[in-house]
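Here is a friendly walk through one protein model and the small molecule that comes with it. Have a look at the structure first, and then read on.

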Amino acid sequence: MPNDIQPWTGRDLPTASRPARLRSMLLSPELAFIMEAHSGLSAKIVEEAGFQGIWASGLSISAMLGVRDNNEASWTQVLDVLEYMADASSLPILVDGDTGYGNFNNVRRLVRKLCERGIAGVCLEDKLFPKTNSFLGERQPLADVAEFCGRIRAGKDAQTDPDFCIVARTEALISGYPMDEALRRAEAYHAAGADAILVHSKKADANEITGFMKLWDNRCPIVIVPTMYYATPTEAFREAGISMVIWANHLVRSSISAMRETARKIATTESLMEVEDRVTSVREIFKLTGNDELEEAGQRYLPTTRNVRGVVLAASRGAGLASVTADLPKAMLDVRGKPLLHRLLATMGESGVNDVAVVRGYRADAIPADGIKVLDNKAFDTTGEAASLACALPRLKGETVVVYGDVLFRRYILDGLLDSKADITVAVDSTRRNAANGRDLMAADRADTAGYYDDAPAKLTAVGAAPEQASGEWIGLMHLSERGADLVRDELAAMEADKTLATADLPSLLERLMKHTTVAVHYIKGHWLDVDTHADLAEARNFS
Ligand code: SPV
Ligand code: MG
């Protein structure tokens, strides 16, 4: 035994490896208890109940799979169940390895695979493959002692974890042999390297066990399974010097009772009413299987889905386009078989801005509400852009993109703007300083250097700047963070209060905002257009 293993005291939560914990439970002078489990779920329930170890019962795993305890489930099928159990719980698992599924060679391979799965130990019984459950029939044949000792030695030689435990189980008493035979076998198995001996008895009292203990004289740890002598007080096991008690099958048995009762109730009543209060809630299943952790992990690993809203200002007719806007607002002018607005909404959608509202005004009827959220600026002919934006006030909550309805731009421009960390960011084309609409000429605290590394934020310093002072032309597209949207809402309210809202344009709004907060400038170079004139419209029709 490695000397750094301390006997388990049963008081503190051990941090040692699982095999080391099982070993220290076996070596402890205190009586340890391990509880049967047969699945990931039952393994969790054993841990939740406060047990320090798990018995992976052959009978229970077979029953859970709906097969007999006669090695009908293959050892690799059992191994798969053990893997779920080991994943579901942090406890050491002592596996019921039956006979070892064959001879010494099968035991070697079994032990290696158990070590790989983090299993703490295996119990091997001195019977023949395929096994029969100990409580079935009488006088089951036992393995030859030397052959069984070979299985134990092969298992000990194969273990890849130094603390992995092999518990050798003798069925001598159950098979009707005298105490001497049980002692002879236990002594031989101990000498072959078994870390503990399981002495099995199917008597209704513990006399065989206590009798064995007197003669065994504490030569190595003894494990018992009091399924048949269940009425014996646990104190008797302590007094006898037993190391470990296995409660061998009581979770599978209790689940059978519970499942039968529920199934019968539902079958006879054709309703869930009588069972609903008696069965575990679905919420509890989520808790047991750790759905909270999954939620947290999702926040760490999944890409965050942003919910960016859009507001398109499409209320104006467009003064320079009178001949083509008699029946249509500018936003609905045809651009290669599709209204300009639809092209704009498609580009926004590609950048993930899908929840968009369009503020209508002039010829509102020409912007049909089907498939588009619409808001109306009823006073469109006496008010300006800021008033139109104020019509969307309830939507200015959370991250928002605001854009003029007569603008088209390449998608990467909006993507770049959405990456801005500033609360308010405007897209400014640094190649344009002779805008027809001088109100959109903007000055910033630094010019666009066009350098590869030019991503330092620029700050808006003036709107409606003279061409020689301007850093570029605002393209009518702005991005607001959640806080930015709050600031814009507050500013629109202040403009309403001081009666400047009705006639203000968006540059006026930006000018007010930049006086008390940073309005960031995101520089671009071309790849956009707005439709103010017939020439613009012709260009839009060529824009791909
Ligand atoms: C098991 O739980 O499968 C056992 C213990 O081997 S017993 O059923 O008591 O034999
Ligand atoms: Mg068994």
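This is a predicted model: local features need pLDDT of at least 70, side-chain atom pairs count only at pLDDT 80 or more; totals for chains, interfaces and linings use all residues.

Residues are numbered from 1 along each chain as its sequence is written, chains are lettered from A and ligands numbered from 1 in the order in which they are written, and side-chain values use heavy atoms, with hydrogens and water left out.

Which residues are found around ligand 1? They are Trp55, Ser57, Gly58, Leu59, Asp96, Asn133, Ser134, Phe135, Arg169, His200, Val225 and Ala248, where a residue counts if one of its heavy atoms lies within 4 Å of the ligand.

| Residue and atom | Distance to an oxygen atom of ligand 1 |
|---|---|
| Trp55, polar side-chain atom | 3.0 Å |
| Ser57, side-chain N or O atom | 2.7 Å |
| Leu59, polar backbone atom | 2.8 Å |

On its own, ligand 1 has 280 Å² of accessible area (Shrake-Rupley method, 1.4 Å probe), and the protein covers 100% of that area.

For the fold as a whole, the domain assignment (automatic or from a database) gives domain 1 (17-255), domain 2 (259-301) and domain 3 (310-540). Between domain 2 and domain 3, the C-alpha centres are 52 Å apart.

The peptide bond from Phe129 to Pro130 is cis, with omega near -5 degrees. Asp217, although not a glycine, has a positive phi of about 60 degrees.

Conventions:
A polar contact is a pair of N or O atoms within 3.5 Å; within protein, one must be able to donate a hydrogen and the other to accept it, and residues adjacent in sequence count only if both atoms are side-chain atoms.
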